[in-house]
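Here is a brief report on a single protein chain.

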Amino acid sequence: MRVPSVGSPSSLDGGCRVWALPPDETCAGVARARVRETMRGLPEKLVRDSATMVSELATNAFVHALGRRRPAPFVPELYLYRRGERPELVVKVFDRVPWQGSLPQRAAPGAESGRGLEVVAALAGEHGGSWGVHRSRSWLDATPGKVVFFSVPMSAAWSAPRRGSGQAVGELVKGLAARGMEPVLHSRGRDVSVLTVRAGITVRVRGETCSVTMPPLGAVTFPTWDLIEAMEVIVRCGEDLHAG
């Protein structure tokens, strides 16, 4: 699964690339460099706009979540992974400040700052992608917090990695445990494995399919090569339930 990883970021093969960002004025520049390295070879406009978007997210983490404090109370994190059969690149910036459940308001007319998320929304939409905010947990130390993210479609061909059910279950257990959500019950039958992550969240893995049952979404199905997205959805649901 290659989590966490700080080396060879030029390919995303079904894992998640994770970097700690410096909690200082270089935060945005480092995030831009990581995104450019990872997207090497893709259309320049997509790379340039993605670097602009991650710069805005990292700047927000430094200015608003860290509050420019010295010493910094925590280190922001940058995540990149692919999802979907028609692959999207997902870029997330994590901080430890709790999300209050609403998106930031638009900047006031004439304001000289506070328009970063408007830039992200505009650029992501221009490329047919999306953006948002949700509760999450750190990939590095399982601390709860939130991510602000964007996604953009990728035109490059992707040979999605194949995983059998045994490998998929092992990676799910390991990945969720790393996020502080170690399954409380693991049952394995002849051709299906069932993980109870917590009350209300159950995962069934059969063949190359991973089905997650959770409130309020009901059952959501992922192919086993899309385990990172499955984990992100499980962690998000777990944090929402905890907050509720």
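## Overall picture

A residue counts as buried when its relative accessible area is under 20%, computed with a 1.4 Å probe on protein chains only. By that cut-off, 47% of the 244 residues in the protein chain are buried. The model is predicted.

The chain holds five helices and 10 strands. Its accessible surface is about 11,500 Å², and carbon and sulfur atoms own 52% of that. Take the contacts with a separation of 6 or more: 58% of them link residues 24 or more positions apart.

## Helices H2 and H3

Helix H2 covers residues 44-65 and helix H3 covers residues 116-126. They pack at an angle of about 155 degrees, with axes 9 Å apart. Angles over 145 degrees count as roughly antiparallel. H2 and H3 are therefore roughly antiparallel to each other.

The crossing of H2 past H3 is left-handed. H2 contributes Lys45, Asp49, Thr52, Met53, Glu56, Leu57 and Asn60 to the contact. H3 contributes Gly116, Leu117, Val119, Val120, Leu123, Ala124 and Glu126. By class, the contact residues are seven nonpolar, three polar and four charged.

## Backbone details

Ala142 sits in the loop between strand S4 (130-137) and strand S5 (144-153). Its phi is positive, about 70 degrees, although Ala142 is not a glycine. Is Ala142 buried or exposed? Its relative accessible area is 14%, so Ala142 is buried.

Pro215 and Pro216 are joined by a cis peptide bond, with omega about -5 degrees. Pro216 belongs to the loop between strand S9 (209-214) and strand S10 (218-223).

How values were computed
Residues are numbered from 1 along each chain as its sequence is written. This is a predicted model: local features need pLDDT of at least 70, side-chain atom pairs count only at pLDDT 80 or more; totals for chains, interfaces and linings use all residues. Side-chain values use heavy atoms; hydrogens and water are left out. Axes are lines fitted to C-alpha atoms, for helices over the stretch in contact, and angles run from 0 to 180 degrees between N-to-C directions. Helices (H or I, at least four residues) and strands (E, at least two) are DSSP runs, numbered from the N terminus. Angles under 35 degrees count as roughly parallel, over 145 as roughly antiparallel, 65 to 115 as roughly perpendicular and the rest as oblique. A crossing is left-handed if the near helix is turned anticlockwise from the far one by less than a right angle, and right-handed if clockwise. Contact means heavy atoms within 4.5 Å. Ala, Val, Leu, Ile, Met, Phe, Trp, Tyr, Cys and Pro count as nonpolar, Asp, Glu, Lys and Arg as charged, and the others, Gly among them, as polar. Buried means under 20% relative accessible area, exposed over 50%, partly exposed in between (1.4 Å probe, protein chains only). Accessible areas come from the Shrake-Rupley method with a 1.4 Å probe; for residues, only the protein chains shown count as cover.
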